[in-house]
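Hi,

Here is the structure I promised to send over.

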Amino acid sequence: MLLKLLGMSSAVAITATGAAAEMNFNRISSFATFANNQDASAESSAEIISASGDGMTLVYSDSPLGAIGLIDITDPTAPVAKGNIDVGGEPTAVSVLGNIAMTGVNTSQSYTAPSGVLKAFDLTTMQEVAACDLGGQPDSTAIAPDGSFVVVAIENERDEDLDEGGLGQLPGGFVVTIGIENGAPACDSMVQINVNGLADIGADDPEPEFVDVNNAGEIVVTMQENNHIVVMSQTGEILSHFSAGSVDLTEIDTTDERGALLFTESQESRLREPDGVQWIDNDHFAIANEGDMDGGARGWTIFHKDGTEVFEAGNSFEHAIVQLGHYPDKRSDAKGAEPEGMEFAIFNGTPYAFILAERASVVGVYDVTDPNAPILKQLLPSGIAPEGAIAIPSRGLFVTANEADLIEDGGIRSHVMIYEYQDARATYPQLTSAGADELIGWGAISGMVAGESGMVYAVNDSFYSYQPTIFTIDTTVTPAQITDALPITRGGSPAQKLDLEGITLDGKGGFWLASEGRTNRMIPHGIYHVNSDGEIEKEISLPADLLAVERRFGFEGITLIDGTLWMAVQREWADDPANHVKLVAYNIETGEWGAVLYPKASASTGWVGLSEIVAHDGDVYVIERDNQIGENAVIKMVYRISGDQMVPAALGGDLPIVTKEAVRNLIPDLQAGNGYVVDKVEGLAIFADGAAWASTDNDGVDDSSGETFFWSIGNF
């Protein structure tokens, strides 16, 4: 019952932020790390991040480039590239004291001969000012709050391809402290701290992972693979040590072999295996339970330094992520959302813990005024795979470093995201299922249609192939709320072989759905009539004239005009002129098919196509978009076609070409979130009074940040 109550309180807190103005963190800018590169096409990655003493310069480790990157945030709404510093190896972490950046550098030639250096760089001259041989492979770094010393976790990581990646691969790791003199590390003051023999798991092969220092100068160390925590002094005295323990998890999804969000499974005695750790006062610290070998508890925990557990999130953090539409279903059989990194800071007298969910690409913001009962205040959208974070309370700023760079797949690049602590309503989420009567998982929203009383109905696409669903969305509240999820069934079981991309009302309490086929996967192009219970009552396949010319990119959207269904085909089929696509008509009564041609823009990069069609007040509206993301996005448009042009001609002959009128450019709307422009604007719903809503498809959080835009675009 306790874990359920924690989940409920989380939902209430997040919903409340949308209803009334209070202090919230809102994203104000983002920075693509390739802007620091001499070669913008080179892979780069923001991993661990810190800030100069004046809070005006961000410094992040960039492993692919073997560098630390610098960003000028004198104006945090407009970050400016300051270039990279080559560190001569793989940077594993960076911590900044004043104007000196101290970075752990992995120089290992092999797993059996680990080596590394702590290097210090002057951020003004960008020159090296110190280098200390660490005697092993570094992972994280932390500087004491009083600036008197720096601590480094020497992991000496194992070879995960050897002996199934188990422990026992020597040499083991240790911890190093180095005094700081005149702002730089004094190498001759180094102390090597032995942590052998402490853990119950792999006692002779400790792998220190993350370190932090409190105001009393005490160091806390997580040993992730050993599932152990050590508290020590600068000189190496072991003050306490204990197992990180385990959690009994319930109401989670542990299966990846299906595209469905089913939170009905459990894991008993799941080892926490913590990664990130942060002191929240001199007696308590928090850990992020990412997991590595055998564990991963999907949440986070607060301990007293004597080993007493004072708070356990259980499934509540992940449930809040589920309600946000950020749950990474493909990671269900692994470690779910994977809370990995964390940060702690006090803003305007309120202590906050920031929990980074690497696979969900969100940050949980908790008020930890009472360490025994943290309150989830917000979930912040981040870039893909947040790895590190830094809080700058003196400037009211919080920053995340997001490591994924998808350049090889033509995706979004690694980004640094900047947030401001504001007396304002939380701008995210724009859509949530928090507050529903039951836990509703959702994602990959595609087609939409407006109903009555502010309700929108939306479908998910084939990412959730075992769970096709019609969602009911209440747009009269902020954020908009998913209140119901109606399974689409065939013979009483979840319908298969669907890729739903369109939905419209049938006027009788049911729906017409459009499915985009994919012949090579035996998914047919088709139209489906669904009753109010979600059961498919009629299936309509395409006529021979269309099947003869079909291609993969089929129906995207469906709408009903005077007894005729109209479907937008996303891209050209075999018989279409270049840069023209069909708007296909099907007369429900007669069964006759027809079409008109729609002139779409040509693409300089990638492709351009349609992703929605909606009839309103005698006219037809479509979404036309390219498949580009971030700085490369050019076309995300709503166009109007006058209704008198929607006169279908017979298939197989010459089709009339309609004309279009630009109604709204959606790119400024997508930029308003101060992240990056997403590619898949897929949903459009227009109410009888003309109020229009648009939405984006988050691809089921697969190579996506999971961010869903769902917003009002005015009246049409």
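Predicted model: local features only at pLDDT ≥ 70, side-chain atom pairs only at ≥ 80, totals over all residues.

Salt bridges first. Lys 305 pairs with Glu 218, with the closest N and O atoms 3.0 Å apart. Lys 305 sits in the loop between β23 and β24 (309-312), while Glu 218 is in the loop between β15 (210-213) and β16 (219-223), so this pair ties together parts that are 87 residues apart in sequence. Glu 218 counts as buried, at 16% relative accessibility.

Lys 660 is partly exposed, with a relative accessible area of 28%, whereas Glu 624 is buried at 0%. There is also a network: Arg 158, Glu 207, Glu 225 and Asp 292 are joined by salt bridges that share partners.

One more pair is Lys 119 with Glu 128, at 3.7 Å from N to O. In this one the lysine is buried, at 14% relative accessible area, and Glu 128 is partly exposed, at 43%.

Now the helix. Which residues of α2 are buried? Ser 316, Phe 317, Glu 318, His 319, Ala 320, Ile 321, Val 322 and Gln 323 are, and that makes eight of the eight residues in α2 (residues 316-323). Just after α2, Gly 325 takes a positive phi of about 80°.

His 304 belongs to strand β23 (residues 300-304). This histidine is partly exposed, with a relative accessible area of 22%. Neighbours within four places in sequence aside, His 304 is in contact with Phe 242, Asp 283, His 284, Phe 285 and Val 310. Its C-alpha atom is separated by 9.0 Å from that of Ala 286, 18 residues apart along the chain.

Last, the surface. Glu 43, Glu 408, Asp 409 and Asp 703 gather there in a patch of negative charge. Glu 43 comes from the loop between β1 (22-32) and β2 (49-51) and is partly exposed, with a relative accessible area of 41%.

Cheers

Notes: Residues numbered from 1 in each chain as written. Heavy atoms only, no water. Patch = residues over 30% accessible without salt bridge, like charges linked within 9 Å, V, L, I, M, F, W, Y side chains within 5 Å. Areas by Shrake-Rupley, 256 points an atom, 1.4 Å probe, with all protein chains shown as cover. Salt bridge = Lys/Arg side-chain N within 4 Å of Asp/Glu carboxyl O. Lys, Arg positive; Asp, Glu negative; His and termini not counted. Charge placed at Lys NZ, Arg CZ, Asp CG, Glu CD. Helix = DSSP H or I, 4+ residues; strand = E, 2+ residues; numbered from the N terminus. Buried < 20%, exposed > 50% of the residue type's maximum accessible area, 1.4 Å probe, protein only. Contact = heavy atoms within 4.5 Å.
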